[in-house]
4 protein chains.
Amino acid sequence: MRLFAGCEMSLQATEPCPTVAMLRPRSGLAQWLASESYHFDPPLRPTEYVDSYGNLCQRFTIQPGALRIRWSAIVETDDVIAVAPQALATPVGALPDDALQFLLQSRYCPSDKMTAQAQQIAGGFAPGYAQVEAIRAWIHRTIAYQYGVSNETTDAIDTLNANAGVCRDFSHVGISLCRALRIPARMVVGYLYQLDPMDLHAWFEAYLDGRWYTFDATQNEPRAGRIVVAYGRDAADVAFISNYGALTTTALNAWVQLDNGQGLAGAG
Amino acid sequence: MRLFAGCEMSLQATEPCPTVAMLRPRSGLAQWLASESYHFDPPLRPTEYVDSYGNLCQRFTIQPGALRIRWSAIVETDDVIAVAPQALATPVGALPDDALQFLLQSRYCPSDKMTAQAQQIAGGFAPGYAQVEAIRAWIHRTIAYQYGVSNETTDAIDTLNANAGVCRDFSHVGISLCRALRIPARMVVGYLYQLDPMDLHAWFEAYLDGRWYTFDATQNEPRAGRIVVAYGRDAADVAFISNYGALTTTALNAWVQLDNGQGLAGAG
Amino acid sequence: MRLFAGCEMSLQATEPCPTVAMLRPRSGLAQWLASESYHFDPPLRPTEYVDSYGNLCQRFTIQPGALRIRWSAIVETDDVIAVAPQALATPVGALPDDALQFLLQSRYCPSDKMTAQAQQIAGGFAPGYAQVEAIRAWIHRTIAYQYGVSNETTDAIDTLNANAGVCRDFSHVGISLCRALRIPARMVVGYLYQLDPMDLHAWFEAYLDGRWYTFDATQNEPRAGRIVVAYGRDAADVAFISNYGALTTTALNAWVQLDNGQGLAGAG
Amino acid sequence: MRLFAGCEMSLQATEPCPTVAMLRPRSGLAQWLASESYHFDPPLRPTEYVDSYGNLCQRFTIQPGALRIRWSAIVETDDVIAVAPQALATPVGALPDDALQFLLQSRYCPSDKMTAQAQQIAGGFAPGYAQVEAIRAWIHRTIAYQYGVSNETTDAIDTLNANAGVCRDFSHVGISLCRALRIPARMVVGYLYQLDPMDLHAWFEAYLDGRWYTFDATQNEPRAGRIVVAYGRDAADVAFISNYGALTTTALNAWVQLDNGQGLAGAG
């Protein structure tokens, strides 16, 4: 599937504001960036580095006043998403070294406090994909998708208590419950074709039987058309914008369309 | 200073228990390992990998029954510890890329909720070393050093509420308050010569004016004689033992002595 | 300086040909990619990884027949290039760890055999920038820029013997002579604005007084307007195309222009 | 197999001599370091870093005069070595990303010039283990093991011309011929139990059918009892001592024995 995706942010700073943005996906196994444009108005020149998860991070300082950021790309991504109901959990002793960090508790995923709940929801299923799918379905069924209930400090237990949240919160609950069952799970932020309402999105992946599988508790069923912007342990690692100074988002618009073959210029 | 340090753990498993240990320090800028011994009884053969912080991690599966682990080393470490009351904070925009991760909130350091408290404690000091020292001194003065109040799920806010904790908890509070002031801070676990009572220890480091400085809220004043075993964002990253199965620690003994020149065999 | 640069290659394979391409620059300290397009005709979907030098590498298999690859981008790069005639060599003992590998002899830079020559050319200059500039100027003055003398197996000693070569060969000689003087030096491949005749280009960098400086023995004087595609020890590390099967390049066209403000679509 | 191994070097410097040593093996899949001692006389305090291959590198400056370095360890290593005559070559397109660098030509392994020879020696065998074994056996049969023929500048082609060399040269020839056949191959330096005459040793590994296999052209048949000190593309990457100043080795002694159970102190 060839998608034209992007976002446009209008930001307002009242002081010089050092910022780390994670808006540029990497080409990799999951996707191929055929064209890309990353524009600042007024112009500025970021630097870029790779974090410990392999994500591209753009660093720049926003000057007082308005800044508009527009990122867009044409991306080749998978038409179908892998689903493997029979896949068994990889025993912890056989996990690859770099999957082990995704078993650990983290800021928004205090899995160390959630073992009982994880057992209750998924303990009756075969260890592996069936458990993760049981968790995903339970979240989708049980927790209300609702804006305004959660904020930047909300963790998975807060969401369970509120019984409501958004994609970020759903992911944190899913990740926490997987880790409580000793299944490595990681946060993914990016784009989903035909997400409704369209927005920047978050979901999670679980490591099972030798590879990562995608799970999205906001959706009824497995859906492809995903563009991965960043991976991390939870939302602390993968904020689209981390600002170290006062910064207001005055507008945010995201889009994902089938590519119409006219390139970035014609696409929008 | 040439130290003979080590620990001995007696563990008891009731099921095969995949385990990741972080007991082996790395030689580096902070220290030089002159001799080392890492012994398992009954014998087993671990593998080892380097995590994303550069720590050495030993992987092995503990079989049901008893396991005794004994690690010891003779380590060259600094005689004096750097203290720089005038050092200013490095502005976020000028931090090295790999220090940025230590500004982020983490499992036991929910710095995103602690800005007001950080301002209250250290807001009146010059941004930099003076603030971190104000935080360290405040913790030392205010929070009671007490066993049994905290456990593995206790985060920095829990510790502030309880007003009591141990070295791990003190470190989490210090790290959280630094990050809330936009000063990168990281957890350190290791050994401290003449720690009283002797035990495995934890402290923190803050990145100021181009380098990391050591702070230890459990101590009256800056103390050298430290052996670093591992660095991380907080205790989730640097557990001495992470076990994925039921495991009981039946005995734990740690020691740090001046090396008597007889090597590992004669040292104990 | 805002440049529109790119290349177009026509390739012909007679068998399925696994290929690693290094055509996509990274945003970093040296440059910022504002827009980019990477096109294959017929279409194919590469994967991408980062090599040990931080370069982006695209992997794909070319099917028998013709393949056209077209990469282009709009890149912000420096208007002026750093020149520091007084900069001293960093003593080997004070080099950063990751610069040490650029002291080692490598396939096309057998610096272990070139100490006498390096001393002869640059021994009379102050250790540092003056030596590297003496080397660069000597190459520019002495070695004829000439196509057809060298090929893919030509190393720096071959070039000294032939007394002729192209940008790749000039770089290998420069790198080898620097290393022979214990100055870290690395190969750079990329684009240079107003290179005449226009082509994909190669030059080298030397590590002096705490940073990397650019040197280009094909040019009369320091010139900015550079886009870095990849860094390595020598040409073995940074081939634009590494093919593991029979592959013919039937056409190659490269360009660098000042951006006309119309974006990638209008730029060409 | 539990081995007590080590080496002792006596060095003589006439000027301050920055040095990088690779004498300390890492615990990993291949081996487990149970005890270790790394001693300098007169005492000095190195720093240590990990190079891009994962090797531990010790940095220090040797002062004018004599220095004795003694490294020893008790190491658990494999009793048998994997042999897989039927293993097929992994097609280049299916190699893991980080194996690709071991296909490239390098300083002592100019595989780009050795395709014809590789085809002649191994072209008639099934692509994979059989080819590498044919290469290994050909070297063992054809090239004389002889000290004094080669030196630090000798590459694989030099060795083929001289028809004589030592373990390092044999390895370079083996690696070059493998790469010429598109089989990733890497240099290994370390210790071999019952090597005769005992010395620091070098051999090579080839990547086949999803893993690395050991080959040693100095031996009649596959032999276990190996301790790996470092991996690299060739000898340029894995010198036991890289000195940047005049340095003479006045004595070198290496040993490998079965561990007698008395630890490092009793072992010697």
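These are my notebook entries on the chain contacts and some local details of a predicted model.

**Entry 1: chain A against chain B**

I started with the pair A and B. The contact draws 31 residues from chain A and 31 residues from chain B. Together the two chains bury about 2,700 Å², and 49% of that is on carbon and sulfur atoms. I then asked which residues of chain A lose the most area to chain B. They are A:Arg59, A:Arg107 and A:Tyr244, which together make up 25% of what that side buries.

Next I looked for charged partners. Six salt bridges cross the interface of chain A and chain B. I looked up A:Arg59 again, and found it in a salt bridge with B:Asp97, with the closest N and O atoms 2.8 Å apart. Sorted by class, the side of chain A that touches chain B has 15 nonpolar, seven polar and nine charged residues.

**Entry 2: chain C against chain A**

Then I turned to C and A. Here 25 residues of chain C meet 25 residues of chain A. The buried area is about 2,100 Å² between the two chains, with 48% of it on carbon and sulfur atoms. Three residues, C:Trp32, C:Arg45 and C:Glu48, supply 34% of the area that chain C buries against chain A, more than any other three.

How many salt bridges are there between chain C and chain A? I count two. A:Asp78 and C:Arg45 meet through their side chains in a salt bridge, at 2.9 Å from N to O. C:Arg45 was already on my list of the three residues that supply 34% of chain C's buried area here. The count of residue pairs in polar contact between chain C and chain A is 11, both residues at pLDDT 80 or more.

I also wanted to know where the touching side of chain C comes from. Strand 3 (31–41), strand 4 (47–50) and strand 6 (65–77) of chain C each give at least two residues to the side facing chain A. Strand 3 of chain C has the largest share, nine residues. By class I noted 10 nonpolar, eight polar and seven charged residues on that side of chain C.

Strand 3 (residues 31–41) of chain A pairs with strand 3 of chain C in the antiparallel sense, over three bridges. In this pairing, A:Ser35 stands opposite C:Ser37.

I checked two other chain pairs. Chain B and chain C do not touch, and their nearest C-alpha atoms are 11 Å apart. Chain A and chain D have no contact either, with closest C-alpha atoms 11 Å apart.

**Entry 3: a hairpin in chain C**

I followed strand 4 of chain C to its neighbour. Four bridges join it to strand 5 (residues 56–62) of chain C, and the two run antiparallel. C:Tyr49 stands opposite C:Cys57 in strand 5. The two strands form a hairpin with five residues between them. In the turn, C:Gly54 has a positive phi of about 90°.

**Entry 4: side-chain pairs within chains**

The structure holds 56 salt bridges over all chains. I picked one in chain B, where B:Arg136 and B:Glu133 have their closest N and O atoms 2.9 Å apart. Both residues lie in helix 2 (residues 129–142) of chain B, three residues apart, about one turn of the helix.

**Entry 5: backbone details**

Last, I looked at the backbone. In chain D, the peptide bond from D:Asp41 to D:Pro42 is cis, with omega near 5°. D:Pro42 lies in the loop between strand 3 (31–41) and strand 4 (47–50) of chain D. I also noted a cis peptide bond between D:Asp196 and D:Pro197, with omega about 0°. The loop that holds D:Pro197 runs between strand 9 (185–192) and strand 10 (201–208) of chain D.

In chain A, A:Asn163 has a positive phi of about 60° although it is not a glycine. I place A:Asn163 in the loop between helix 3 (156–162) and strand 8 (164–165) of chain A.

Terms used
Residues are numbered from 1 along each chain as its sequence is written. Chains are lettered from A and ligands numbered from 1 in the order in which they are written. This is a predicted model: local features need pLDDT of at least 70, side-chain atom pairs count only at pLDDT 80 or more; totals for chains, interfaces and linings use all residues. Side-chain values use heavy atoms; hydrogens and water are left out. Contact means heavy atoms within 4.5 Å. Buried area is the accessible area (1.4 Å probe) that two parts lose on being put together, summed over both. A salt bridge is a side-chain nitrogen of Lys or Arg within 4 Å of a carboxyl oxygen of Asp or Glu. A polar contact is a pair of N or O atoms within 3.5 Å; within protein, one must be able to donate a hydrogen and the other to accept it, and residues adjacent in sequence count only if both atoms are side-chain atoms. Ala, Val, Leu, Ile, Met, Phe, Trp, Tyr, Cys and Pro count as nonpolar, Asp, Glu, Lys and Arg as charged, and the others, Gly among them, as polar. Two strands pair if DSSP finds at least two bridges between them.
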